[in-house]
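Colleague: Could you walk me through this model? I would like to go from the metal site to the sheet, the helices and a few loops.

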Amino acid sequence: MQNKKNSNFAEKKWWRDAIFYQIYPRSFNDSNGDGIGDLEGIKEKIPYLKDLGIDAVWLNPVYPSPNKDYGYDISNYQAINPEYGRFEDFTELLDAFHDQGLKVIMDLVVNHTSTEHAWFQDSRRNPNGPYGDFYIWRDGKESGAETPNNWNSFFGGSAWKYDPLRGQYYLHLFEEHQADLNWANPKVREEVFRIMNWWFSQGIDGFRMDVINMISKDNSFPDDCRDLDELAIKGTPYFINGPELHTYLKEMWEQVLSDPSKFAVGECPGAGFEDVLALSGLDRKELDAVFQMELMEIDHGNGGKWDIRPWKASEFSAKLTRWQQVLEGRAWPANFLSNHDQPRALSRLADDDEYHFESSAMLAVILLSLTGTPFIYYGEEIGMPNADFTSISDYRDIDTLNFFALERERGRDENELLKIIRYMSRDNARSPMQWNGKPYGGFSSTEPWIPMGRRYTQINAEQDLAAERSVYKEYQKLISLRKKTAALGYGSFEPVESDHEQLIAFMKRHQQGDYLIYANMSGRNALGQLSLLPDSLPEGFTMELEYSNYKRTTLHEQELKDGILNLRPYEACILRIVVYP
Ligand code: TEU
Ligand code: CA
């Protein structure tokens, strides 16, 4: 049965059929032995990526940066950070990917620049100069004694920094060396569009856009008077999904993105259903897809990410269901379970130890069975767990280090904080790629910029590829199954047993065939009630097993007879609905 709505996506777009792989260049592969991953190192691994079956890569920022936020503080948009290589190394890498039929999207970080960027250095010196109004400068209250308002930075503390040279405060929603650009200034937009077109003229295939839904601020910069948890970020209602956001993005579409071969996916923290439909709706002429963060906040308390709360499979299922169904036929989803800002899904959502293999494959089944474009994060394809550092000195991430320092100042216990950080820190996802069990995991011949993950000698690509039960090979199987099964990438989503406390179960319906997906997100056996399947299924249907992460080759007669599916810990199955004429 064809779901009318998803036929809206019939028009071929390379990025709708693509499976993306996100590379964090600083931690992927070091080719020159300085402990920092680089572009030549990525090029060496193209065969590994090609064999996996992916179609495109997203590179986190590789532009010159003082690395206060490791690349998300850019000091020059039209160059390559010498730590990663020369500009020629970039064009050679791009050509090498394209020669293998793989697309490349870059990271566009234009909500803010580094305070080392020439624009900012000129802006603070020449308020009436050409860049005087490129940033958000405001006088403080009480003749400058107080910040212009009570907004917080995402990395802790105030979102305002006083600059004695300019005699004013500038806004920084992130680290104080990341000054927010003033998008209300048409010159700023013009410059950004020129830079984007310049990169497209270099041959790239698209952009992942950093916090793109924060570029428009409420120009009256009011205080946030909500009664919030002390850890919560004040100000968000005045800069997330701001007043001119859609005007700016429509202009960007006109000036840069109208060509259908160009892909634009926006990272939009705090974007709800209506926001995502407005930002990436089919007829909106803004973005092609949006990374929304709701699933990533499943374990966030009222205080946000550092206020960790337990979560249930039924909550996970509910969030998945809502987003798949609300966007159906209206906006194309961008799906991910891990990225460079989140603890790794394997350790966060499943069992990275006793059921390491099963859990890794189970999460891959969920990611690769959803409608939308899937993004695999480096290391997921071999079941890399969290880095799991034990000492604060192992951490490099400014967000983590700021949280630790500020909470220590507030007298919180060090071990309690280390426990929270060990679970939630972004560095859990930024430790070097574990290629083998040799010193420094085959990532580098010298000590890396950040320590290796704690278990790299047991969990690494070399061992996984040699293993009888290889996570990499499960990803290959699931990627090729997805590519030949329209229902997985384009089907309509129907939840099954959505209140099950262990199982994520859903159908994907498509004219080319219907499929049933079960994923046990618990370390205990779970039962799937086949009788609870949608009664819209045709009379006398049966099922055939297409995939299981256990040595299961078929549904047992007993299960079909009893209508009960026995799922072992972290077992995941993909079943094809078969209707005999
Ligand atoms: O992330 C935006 C974002 O929402 C996360 O930073 C989140 O707030 C974070 O985990 C803090 O809790 C983007 C980039 O992905 C991130 O790496 C950058 O640090 C950030 O923007 C600023 O550029
Ligand atoms: Ca290097």
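Modeller: Happy to; here are some ground rules, and then your questions in turn. This is a predicted model, where local features need pLDDT of at least 70 and side-chain atom pairs count only at pLDDT 80 or more, while totals for chains, interfaces and linings use all residues. Residues are numbered from 1 along each chain as its sequence is written, chains are lettered from A and ligands numbered from 1 in the order in which they are written, and side-chain values use heavy atoms, with hydrogens and water left out.

Colleague: Which residues are the protein donors of the calcium ion (ligand 2)?

Modeller: Donors are N, O and S atoms within 2.8 Å of the metal (3.2 Å for Na, K and Ca); water is not among the atoms, so sites may look incomplete. Along the chain, the spacing is D-x1-N-x1-D-x1-I-x1-D. At 2.2 to 2.3 Å from the ion lie D30 (OD), N32 (OD1), D34 (OD), I36 (O) and D38 (OD).

Colleague: Is D34 buried, exposed or partly exposed?

Modeller: Buried means under 20% relative accessible area, exposed over 50%, and partly exposed in between (1.4 Å probe, protein chains only). The relative accessible area of D34 is 35%, so D34 is partly exposed.

Colleague: In β3, which residue stands opposite V57?

Modeller: β2 (residues 56–59) is joined to β1 (residues 20–23) by four bridges, and Y21 has V57 as its bridge partner. Three bridges join β2 to β3, again in parallel. V57 and L59 point one way from β2, A56 and W58 the other, and all are buried. On the β3 side, the residue opposite V57 is V104.

Colleague: Are α9 and α10 parallel, perpendicular or oblique to each other?

Modeller: Axes are lines fitted to C-alpha atoms, for helices over the stretch in contact, with angles from 0 to 180 degrees between N-to-C directions. For α9 (residues 273–280) and α10 (residues 313–327), the axes come within 11 Å and cross at roughly 40°. Angles under 35 degrees count as roughly parallel, over 145 as roughly antiparallel, 65 to 115 as roughly perpendicular and the rest as oblique. The pair is therefore oblique.

Colleague: Which residues of α9 and α10 make the contact?

Modeller: Contact means heavy atoms within 4.5 Å. In α9, V276, L277, A278, L279 and S280 are buried, and their cover includes α8 (245–257), β11 and α10. The contact joins F273, V276 and L277 of α9 to R322, W323, V326 and L327 of α10.

Colleague: Which residues does G441 touch?

Modeller: G441 is in the loop between α14 (414–424) and α15 (461–466). Its relative accessibility is 0%, so G441 counts as buried. Leaving out residues up to four places away in sequence, G441 touches M433, Q434, W435, N436, M452 and Y456.

Colleague: What is the phi of F221 near?

Modeller: F221 is in the loop between β9 and α8, and is buried with a relative accessible area of 7%. Phi is positive here in a residue other than glycine, near 45°.

Terms used. Two strands pair if DSSP finds at least two bridges between them. Helices (H or I, at least four residues) and strands (E, at least two) are DSSP runs, numbered from the N terminus.
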